Amino acid sequence: MVELLPAGFLDLRAAAPYLAAAVALYVLVEQLSYLRKKGPLPGPSLVVPFLGSVAQMVRDPTAYWDVQAARARESGAGLAADFLIGRFTVFIRDSELSHRVFANDYTLFNVGLMALPVDLPGFAFRRARLAVARLVRTLGDCARQSKARMRAGGEPECLVDYWMQETLREVDEAAAAGLPPPAHTDDEELGGFLFDFLFAAQDASTSSLCWAVSALDAHPDVLARVRAEVADAWSPESGELMTAEKIQAMKYTQAVAREVVRYRPPATLVPHIAGEAFQLTETYTVPKGAIVFPSVYESSFQGFPEPDAFDPERFFSEARREDVAFKRNFLAFGAGAHQCLGQRYALNHLVLFLALFVSVADFRRDRTDGCDEPVYMPTIVPKDGCSVYLKQRCAKFPSF
């Protein structure tokens with residue numbers, strides 16, 4: 001029995017060759033586009049259609065970025081190219097080229113580094129995006145409640161309260177002048193600011209604290225010098241506050257904090273998107289739409305003598321002054337107009353942690369092979385999470 005197909009029904013078997021030809025044409029165009037944008041840069045000669053190198057990056061981020069760094073280093077130009085899920089990418093190892101990018105479109109997206117950028121249900125990227133929206137609404141409600149309490153004459157109890165006091169003052173001044181409220185005073189926008197502060201500070205700070213403990217454990221001489229310097233300025237049994245003046249007096253401990261950040265910068269990459277074609281070198285122009293990865297991590301190991309050694313003396317010795325001599329390679333906090341606003345706070349926070357930690361606790365770490373290899377989460381942390389055993393060192397804990 002012969003069954004007639006409905007009018008307009010497409011015979012997929014007949015269309016298959018055309019679909020295959022279309023896919024083959026797309027793959028060819030994709031390859032040619034990649035090669036055109038790649039130009040003289042080192043990178044894969046051929047890329048996996050649609051996906052590129054994303055499988056390698058997701059499977060082992062550390063190994064992937066090591067390969068990119070090796071390609072950039074061996075090229076002599078400090079650049080390497082690749083292809084990730086339909087996007088052409090440029091990896092930058094050279095410090096001066098990173099400065100050029102920092103000075104140019106600035107976009108930080110940690111989640112995009114660690115998840116496939118697929119905005120569909122069931123994918124980590126979608127879950128992260130929705131989680132951010134929920135957190136921003138929640139933090140916006142916190143800002144609203146703080147505003148209400150400050151408006152009612154309540155005493156500030158946290159940094160947000162002090163912030164909202166100033167915000168209300170700006171709102172009142174605008175109202176008195178017959179102007180609308182300033183743009184940055186909306187509750188949800190304030191929630192977005194709070195999220196940025198909390199996410200960036202929490203993730204980067206956690207990374208730095210882990211590496212600080214790792215460094216102290218691996219270098220007993222450094223630990224002894226920090227303990228001696230802190231003991232000269234403050235004692236946990238004194239009942240005194242750890243003041244800003246005391247922190248400023250701890251010059252060697254400050255050098256240790258700076259070396260921790262140089263040796264293991266928390267945010268190893270600061271991705272940018274080229275909004276337009278951007279001439280990066282005399283021989284290479286980044287194409288519009290490319291994702292550019294300036295490597296803060298790689299810059300930290302350029303210029304400095306014996307860069308693979310953890311050596312706080314490079315920031316402490318008046319004779320060496322490496323923080324001045326190689327300032328342009330110290331990119332852990334960005335550069336130029338896009339330098340981290342919280343740099344001083346972050347370093348002071350790390351110094352304060354070091355001073356308290358070495359004073360109140362003895363610690364022991366069970367070191368294993370590869371325990372200090374960096375892993376991406378998305379900032380870098382020691383492979384073993386830097387687990388330590390703690391024992392009270394002081395007679396009594398300080399009470400602030």
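The salt bridges of this predicted model, and the exposure of some of the residues that form them, are described below. Local features were considered only at a pLDDT of at least 70 and side-chain atom pairs only at pLDDT 80 or more, whereas totals for chains, interfaces and linings use all residues. Residues are numbered from 1 along each chain as its sequence is written, and side-chain values rest on heavy atoms, with hydrogens and water left out.

A search of the whole structure returned 26 salt bridges, a salt bridge being a side-chain nitrogen of Lys or Arg within 4 Å of a carboxyl oxygen of Asp or Glu. One of these joins Arg 367 to Asp 217, with the closest N and O atoms 2.6 Å apart. Because Arg 367 lies in the loop between β7 (361-364) and β8 (374-376) while Asp 217 belongs to helix α8 (residues 187-218), the pair ties together parts that are 150 residues apart in sequence; helices (H or I, at least four residues) and strands (E, at least two) are DSSP runs numbered from the N terminus. Arg 367 is partly exposed, at a relative accessible area of 40%, where buried means under 20%, exposed over 50% and partly exposed in between (1.4 Å probe, protein chains only).

Glu 240 and Lys 246 are likewise paired through their side chains, at an N to O distance of 3.6 Å, and Glu 240 is partly exposed at 42% relative accessibility. In the salt bridge between Glu 318 and Arg 321, the closest N and O atoms are 3.8 Å apart; Glu 318 is exposed at 63%, whereas Arg 321 is partly exposed at 38%. A network of salt bridges, finally, links Glu 259, Arg 262, Asp 311, Arg 314, Arg 320 and Glu 322.
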